[in-house]
Amino acid sequence: MVTSVIGLEGVLGLMRKILILTAGFGNGHNAAAFSLRDAFLDSVQDTQVEVLDLIKLCYGARCELVKRIFLAIVNHTPRLWGCAYRAMDQTSIMARLLRRLHKLRQELFRILVTTEPDAVISTYPAYNYIIDQIYESYRERRFHKITVVTDSISVNSIWHASPSDYYFVPNDLSAKVLHDAGVPPAKVFACGFPVSPWFYELAQTQATPVITHGEPKRILYVVQHGNGASSQVIEKLLAMPEIELTIVCGPHPKLERNLARRSAHAGKRARVFGWTDRMPELLATSHLVITKAGGAMVQEALAARCPLIINRIIPGQEAGNAALIAALGVGAIATSDDDVIALVRNAFDDDAKLWHFWKSAVTRHSQPDAALRIARVILEKMGGAGPNPQPGSASRETSTRPSAAVSFPAILEPRKPLLCDFHTHTTFSDGKLTVRELVDFYGQRRFDCLCITDHVAEQSSLIGRVANLSGLTMHWNRIEEYFDTIAREKQRAWAKYGMVLMAGLEFNKDGISKHSSAHLLAVDLHTPIRPEAHLKLLVRTIQQQHGLAVAAHPHVMKGRWDRDTLYLWEHQDEFAGLLDAWEIANRDDIFNPVGLQRLPYIANSDFHKPKHIYSWKTLLNCEKHPDAIKQCIRDNRDIAITLFRDGDAPAALRAQEPAIFAEPASAFHLDRGQLQLPFAA
Ligand code: ZN
Ligand code: ZN
C-alpha cells in the first residue's frame, strides 16, 4: 500500500533472504526489528524476511541471567573500550565474554549455513561479534552484515567495534558519533529510527493535532509498570479543565483497574488502556506524550509528530534519548512530578507558544518512513551484482541460486554430532580423487569436517626416495601448490556444504621393519612441515601450529595388505604423553588395544578411493569450528566412532553424483584383498 509512494517497485527481481537478529532487552531492539521486517514485506515481493531473538531461543528460561550479562557488558563497555576501538580485536574482553556463549554461536552458525541469507541485520550489537567469531580466519562471509543502531547520540562503541558493511542510525547526531569513531561516512546512513510503516501511513492519512480555542488538549500518559503511576500527576492533569488524558499502562490488569478507578471522576476526559496495539494512532492524535526515555517510545513519538515530556530516564542508553529530545527541541525533560505539571502548563500557556515550538521541531525531524527508507537502501545494496560485500573475495557462485525453494529451517531441531574424517588422500599422493573431487564427495555425503592428509616421506632415505619416485607420496616441490589448493577449497567447502576443510599431512616414517615404521598424521596445518625431522620434533612442530599429531594405524592391521607400522605403539611410554590422539580404527580395522590403554582416539577411513568411504569415522559433539573440533579430540570427550554407510546421504544426492563416484555396487562385495593396492595408507 505504501509501496507506490515510496517507489520501491522493481528495485529487485531476485528472491532475497534477510535475517534480522534482535533481543528483547528493552531499548527498542525488537521494535526496530519488526518494523524493518514489515517495511521489507511492504516494499518487495519475493523477499523472505525472518526476525529471530536468538538469545531467547538459545537460553529460554535462563534468558534473565544472560540478559543481565548483556546489560553488564553494555553498561561496562564504555570503560572497557574507551576510545581504543582501533585496538579491538578478537582477543578483547567483549569478544572473550561472548565467546563463552557457545550455544548462541553454534545456533547462529547453523542458521547461517543452512539458510544462506543475503543480508543479516542486527538490531542488537552483540550478534556482530558472534558473526565475526564464526567468520574469522579462513571462512568467507557471503552476506551483507548490517547494523541498525537503536541508540541515539550516546551510541555505545559496541555498536561499531565489530565492523559492519553498513550502519543505519536514527539521526545525523548519531552518525557523527560513528564518523568520529572512525567509521567511514560512506557506510553510515542516517535514515531515522525504523518505526512501524504504520506511522508512515498515519502521516499520510491522519491530520496532526493543532491548538484551537476551546478544543481540549489531548495528553497521552505512558505508565511504566513497576515504576508506578503518579496519582499526583494524574490528579493535577485532570484538574486542568482543558486536558483530555489517555493513560496506557501495558498488560497489567491490576494496574489498569487501579488507574481507571483513580481517573473515573473525570468522566469522558480520561480513558485507560492496558495493552493496546493502537499506540501509533494514540500518538498521532495526541498533543503531547508523557513517557520515560525508552528508545522505541521516543522514536515513535517523533515519527508521530508528537512532542514529548520525559518523566524518567534510566541511566545508560536512555540518557542519549533524553539528550536527543533536548538537542532537537521536540520536548522537555521533567525532573519531578511537579516539573511534569509545570511543563504541561508552560506548553499550553501564552497561546501555546512553547508547544508550537516543539511541534514545529518534531514535524521537521519526524521520519515516519525510516523503516521503508532503510529497507530501500538495503535492497539497493543487495541488488544488482549480487551480495558480495567483501571486495576482492572469491566470486559468488550463488547469484543464480534457485529461489523460494530454500526456506528457513525449524530453528530448534536437535543438534547432530559432527561427522568427521581426518585421514584422506588425494591425487597429490596416491589417492584417486583430486582435492576438489574429494571435497564434493564428502560434501555431498554431508560430512561436517574433512582433513586431507597426503603422504610425505623424507627424501633422504632410500624407502622415501622410492616412494617419491613411484608417486605414492607427494614430491616436496608440490607442497606449496598442495596447501594453496586446499586453502582455496576451504572456502568452497564451507560455502557449498557447510563443511570444515583442513589441510594436513601424513608423515610416512618407514623403516626396514614394521617395528621401526610409523605413520604420523598432522591435522589442520597452516604451513608445510618438512618430513625429515625425527618423530618427536615433528609432533612438536605440528602442535606449535595448533595442529593435532595423531598416530595413524598404530596397531596390527588385519584388513589390509599394508605393512604394519608399530613404532609408535611399541614406544607408547615415550609418545602417549606427546600425541593428541591415536587411530582406534582405520578403514575396516579396529584396534582394541588403543581403547584398552585408554588412549585418546579418533577413527578414520584412510581414504584413497570412493569405496573407502564405507569405513570407520569419528563423531564429535562440538561446535563446527576448527578450534572446537581439535579441542574436542584433545579432550577426548563427547566423541564416538561410527561405521559409515551411504544410507546417510539422501537418495537425491546420490543420484546427482557424477559418474566418477558411482562405484559398481558389486565392487564393495568383492574380496577386499583383490581390490586393495598393497601400498595404500
Ligand atoms: Zn598410512
Ligand atoms: Zn593414509
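Is E107 buried or exposed? In this predicted model, E107 counts as buried, with a relative accessibility of 14%. The report below begins with this residue and its partner, then turns to other salt bridges and to one helix contact.

The side chain of E107 meets that of R110 in a salt bridge, with an N to O distance of 2.7 Å. Both residues belong to helix 6, which spans residues 102–115. They are three residues apart, or about one turn of the helix. R110 has a relative accessible area of 16%. Because the cut-off for a buried residue is under 20% relative accessible area, R110 at 16% is buried, and E107 at 14% is buried as well.

**Salt bridges between separate elements**

The pair D132 and K145 also forms a salt bridge, its closest N and O atoms lying 2.7 Å apart. D132 is located in helix 7 (residues 126–135) and K145 in strand 4 (residues 144–148), so this pair ties together parts that are 13 residues apart in sequence. D132 and K145 are both buried.

A further salt bridge joins E458 and K509, whose closest N and O atoms are 3.2 Å apart. E458 sits in the loop between strand 14 (449–457) and helix 18 (462–469), while K509 is part of strand 15 (residues 500–509); the pair therefore ties together parts that are 51 residues apart in sequence. Here, too, E458 and K509 are buried.

Some salt bridges share partners: R436, D440, E489 and R492 are joined in this way into one network. Over the whole structure, the search finds 19 salt bridges.

| Pair | N to O distance |
|---|---|
| R110 and E107 | 2.7 Å |
| D132 and K145 | 2.7 Å |
| E458 and K509 | 3.2 Å |

**The contact of helix 2 with helix 16**

Helix 2 (residues 29–43) and helix 16 (residues 370–382) have axes that come within 8 Å and cross at roughly 65 degrees. The crossing of helix 2 past helix 16 is right-handed. On the side of helix 2, the contact is made by S35, L36, A39, F40, D42 and S43. Helix 16 contributes A371, L372, I374, A375, I378 and L379. By class, the residues of this contact divide into nine nonpolar, two polar and one charged.

Terms used: Residues numbered from 1 in each chain as written. Chains lettered and ligands numbered in written order. Predicted model: local features only at pLDDT ≥ 70, side-chain atom pairs only at ≥ 80, totals over all residues. Heavy atoms only, no water. Axes fitted to C-alpha atoms, helices over the stretch in contact; angles between N-to-C directions. Helix = DSSP H or I, 4+ residues; strand = E, 2+ residues; numbered from the N terminus. Left-handed = near helix turned anticlockwise from the far one by under 90°. Contact = heavy atoms within 4.5 Å. Nonpolar A, V, L, I, M, F, W, Y, C, P; charged D, E, K, R; others polar. Salt bridge = Lys/Arg side-chain N within 4 Å of Asp/Glu carboxyl O. Buried < 20%, exposed > 50% of the residue type's maximum accessible area, 1.4 Å probe, protein only.
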